Amino acid sequence: GIPAKPLFPSDYFPALLKAIDEAQSEIFISIFSFKAGVHKNSYPDRILGHLAKAVKRGVNVKVILETTGRLDDELNAQNRQTGKLLEEKGVKVYFDSPRTTTHTKLIVIDERMIILGSHNLTQSALKYNNEISVMLSRPDLAKRARNYMLTIIKEAK
């Protein structure tokens, strides 16, 4: 594919679904805000559906979500709810250390493709906001980004 491709607001959602659907072995996501479970046709819920289908065909799907450790926190509650929904579909869910804010919006697919930028997995980010992300076909960078996500998981222990 193209080594680098910008994803403007209307590009991100279809590009992400296509990348999920074409994944062969692993989808690894570290995201600050993932808001599913609101409406089955919302963009985040549709992403969750595609991730569930990936798990069914044998793809190893891992998701790291931000947690603040404060139960009354809205972001925390929403990410916990999404985490539960993901786990029900066979996704491995990790929460970061409450001591650190994990503000990443990072996706690595099959250790070769990276999608990163400003998009959270929320209806507003995916449908309404001015956002930009980039898709990179760079196995060298993908491996480094994946190692970074493994570090976040280790630090949460």
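User: Quick one to start. Is Asp110 buried or exposed?
Analyst: Asp110 is buried, with a relative accessible area of 13%. Keep in mind that this is a predicted model.

User: Which residue does Asp110 form a salt bridge with?
Analyst: Arg112. The closest N and O atoms are 4.0 Å apart. Arg112 is partly exposed, at 37%.

User: And what does Glu111 pair with?
Analyst: Glu111 meets Arg146 in a salt bridge, 3.6 Å from N to O. Glu111 sits in the loop between strand 5 and strand 6, and Arg146 in helix 5, so the pair ties together parts that are 35 residues apart in sequence. Shared partners join Glu26, Lys62, Glu111 and Arg146 into one network.

User: How many salt bridges does the count come to?
Analyst: Eight. One of them links Glu22 and Lys18, at 3.0 Å. Those two are four residues apart in helix 1, which means about one helical turn separates them.

User: Switching to helix 3. Which of its residues are buried?
Analyst: Leu75, Asn76, Gln78, Asn79, Thr82, Gly83 and Leu86. Seen down the axis, they fall within an arc of 165°, so they line one face of helix 3.

User: What do they pack against?
Analyst: Helix 2, strand 3 and strand 4. The face turned away from the buried side carries the exposed residues Glu74, Lys84 and Glu88.

User: What happens at the start of helix 3?
Analyst: A side-chain oxygen of Asp73 reaches to within 3.0 Å of the backbone nitrogen of Leu75.

User: And just after helix 3?
Analyst: Gly90 takes a positive phi of about 90° there.

Key:
Residues are numbered from 1 along each chain as its sequence is written. This is a predicted model: local features need pLDDT of at least 70, side-chain atom pairs count only at pLDDT 80 or more; totals for chains, interfaces and linings use all residues. Side-chain values use heavy atoms; hydrogens and water are left out. Buried means under 20% relative accessible area, exposed over 50%, partly exposed in between (1.4 Å probe, protein chains only). The arc is that of the directions from the helix axis to the C-beta atoms. Contact means heavy atoms within 4.5 Å. A polar contact is a pair of N or O atoms within 3.5 Å; within protein, one must be able to donate a hydrogen and the other to accept it, and residues adjacent in sequence count only if both atoms are side-chain atoms. A salt bridge is a side-chain nitrogen of Lys or Arg within 4 Å of a carboxyl oxygen of Asp or Glu.
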